[in-house]
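Please keep the viewer open while I talk.

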Amino acid sequence: MQRLTLEIANAIIAGAFSRAKEAGLKPLSVAVLDAGGHLIAFQKQDGSSMLRFEIASGKAYGALAVGMGSRWLNTTAIERPHFIEGLSAVSGGRIVPVPGGVLVRSKDGELLGAVGITGDTSDNDEICAVAGIEALGLTAQA
């Protein structure tokens with residue numbers, strides 16, 4: 001069984017920051033959670049605004065909670081807002097239902113954790129999460 005270590009989590013973050021720099025994005029904040037929803041690593045770039053930890057970790061936590069990338073949560077919030085309201089309530093408000101939360105899977109498909117990114121547009125946040133994950137040869141499920 002593979003697991004996300006601090007070294008891997010920091011490498012994912014570095015890959016996400018590298019992609020953001022290439023694209024000239026706004027300052028990002030990145031949270032990496034293990035498969036049980038526990039924080040492994042968090043970093044925010046200089047100039048990131050407040051609440052970025054809560055948003056980034058909420059995107060990752062939401063992806064883990066439903067077993068899908070947070071883009072699915074965003075679509076579901078539009079189609080079935082009552083479901084997202086209930087999910088938010090039972091999670092203690094920890095879920096942020098917008099793109100930028102991406103599941104991390106091993107090459108064999110085993111769930112290892114999730115990455116949540118915030119700071120630019122949700123689409124760009126998601127692109128950077130995928131880039132950071134895939135840079136390590138892991139599988140991103142957006």
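Predicted model: local features only at pLDDT ≥ 70, side-chain atom pairs only at ≥ 80, totals over all residues.

The ring of W72 forms an aromatic pair with that of F83, in an edge-to-face arrangement with 6.3 Å from centre to centre and 80° between the planes. Because W72 sits in helix α3, residues 70–79, and F83 in helix α4, residues 81–90, this pair ties together parts of the chain that are eleven residues apart in sequence. F83 is likewise partly exposed, at a relative accessible area of 28%, and the face of the F83 ring has R80 lying over it, at 4.7 Å from the ring centre.

How many aromatic pairs does the structure hold? There are two, and the other one, between F42 and F53, is also edge-to-face, with the centres 5.0 Å apart and an angle of 85° between the planes. Here F42 belongs to strand β2, residues 39–44, while F53 belongs to helix α2, residues 52–66, so that the pair links distant parts of the chain, eleven residues apart. As for accessibility, F42 is partly exposed, with a relative accessible area of 27%, and F53 is partly exposed as well, with a value of 35%.

While we are on rings and charges, please also look at Y61, where R94 lies over the ring face at 3.7 Å from the centre.

Let me now turn to the nonpolar packing. The largest nonpolar core has 21 residues, and the members that touch the most other members are V30, V32, V115, I117 and I133. Two or more residues each are given to this core by helix α1 (6–23), the strands β1 (29–34), β3 (101–105) and β4 (111–118), and helix α5 (122–134), and of these α1 gives the most, with six residues. Apart from this core lies another, made of six residues, including L33, A60, A63 and A114.

Which residues does I133 touch, if we leave out those up to four places away in sequence? The contacts of I133 are with I12, with V102, L103 and V104, with V115, and with L138, T139 and A140.

Definitions and conventions:
Residues numbered from 1 in each chain as written. Heavy atoms only, no water. Core = buried A, V, L, I, M, F, W, Y, C linked by side-chain atoms within 4.5 Å. Buried < 20%, exposed > 50% of the residue type's maximum accessible area, 1.4 Å probe, protein only. Helix = DSSP H or I, 4+ residues; strand = E, 2+ residues; numbered from the N terminus. Contact = heavy atoms within 4.5 Å. Phe/Tyr/Trp six-rings, centres within 6.5 Å; stacked < 30°, edge-to-face > 60°. Lys NZ or Arg CZ within 6 Å of the ring centre and 35° of its normal.
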